[in-house]
Each structure stands twice: as structure tokens, then as C-alpha cells.
Amino acid sequence: MRCKVKKLYTFFMKTMKSDVINIVYLSNLYGNLLTDNQKNMLSLFYDADCSLGEIAEQYGISRQAVRDSIVKAESALRAAEEKLGFLKKMQQIIIQIGRA
């Protein structure tokens, strides 16, 4: 069990340095606060690795509109984390477990 916790701690600490991974974590925590379109576009962009052009074509809108929607969704996720702090609390718990 100790080995699994240490691996989880190491993985979590490495991935939290990436802004992309941070957005994915925030999306998992606070995604329900976004509109359906924002959620879907964010998922296509980060999870499915679609380009702005591919997403725009799928929705019948401009690349700039897709980008604006993704930026707005990221801002909403960061604002939710700033107010609620669940991800930060989760990080602290994993750090404490990793040190134990």
C-alpha cells in the first residue's frame, strides 16, 4: 500500500506543474458549473486534442468564438477553484500522505 501512495504522490506532484493538467483537474472538479457548450469544447480541446478549427467546424462557428469560449471556461474554472479551493485541499492531502 505504501508503494502505491508514493507513486500517486510522485505522479500528482509532477503533473500539477502542467497548466494543461491543472485545467483537466479543474474541469473534473468544477465542470458542472460550465455551460454544456463550454464543457464540450473544453473536452474536445484538452481530452480529444482537437484543434480550434476542428471544433469550430463541428459547431459551425469561428475559431475565435471557440477560443473565446475555451478561455471563458478556463477562467470560470480558475475562479471556482479560487473561491472553493478543492483542488488545493486535495493537493495538500496528497502531499501529507506522500510524506507519511
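How many helices and how many strands are there in the chain? There are six helices and zero strands, where helices (H or I, at least four residues) and strands (E, at least two) are DSSP runs, numbered from the N terminus. From the N terminus on, the order of elements reads α-α-α-α-α-α.

Colleagues, this is a predicted model, in which local features need pLDDT of at least 70, side-chain atom pairs count only at pLDDT 80 or more, and totals for chains, interfaces and linings use all residues. Residues are numbered from 1 along each chain as its sequence is written, and side-chain values use heavy atoms, with hydrogens and water left out.

Of the 100 residues of the chain, 31% count as buried; buried means under 20% relative accessible area, exposed over 50%, and partly exposed in between (1.4 Å probe, protein chains only). As for contacts (heavy atoms within 4.5 Å), residues 24 or more positions apart supply 60% of those with a separation of 6 or more.

I turn now to helix H6. This helix covers residues 86-99, 14 residues in total. From first C-alpha to last, H6 reaches 20 Å, close to the 20 Å expected at 1.5 Å a residue; the expected span is 1.5 Å times one less than the number of residues. Leu-87, Ile-94 and Gly-98 are buried in H6. They cover an arc of only 40° around the axis, which puts them on the same side of H6; the arc is that of the directions from the helix axis to the C-beta atoms. Gln-96 and Arg-99, on the other side of H6, are exposed.

Finally, Asn-22 lies in helix H2 (residues 19-30). Asn-22 is partly exposed, because its relative accessible area is 21%. Its C-alpha atom is separated by 9.5 Å from that of Arg-78, 56 residues apart along the chain.
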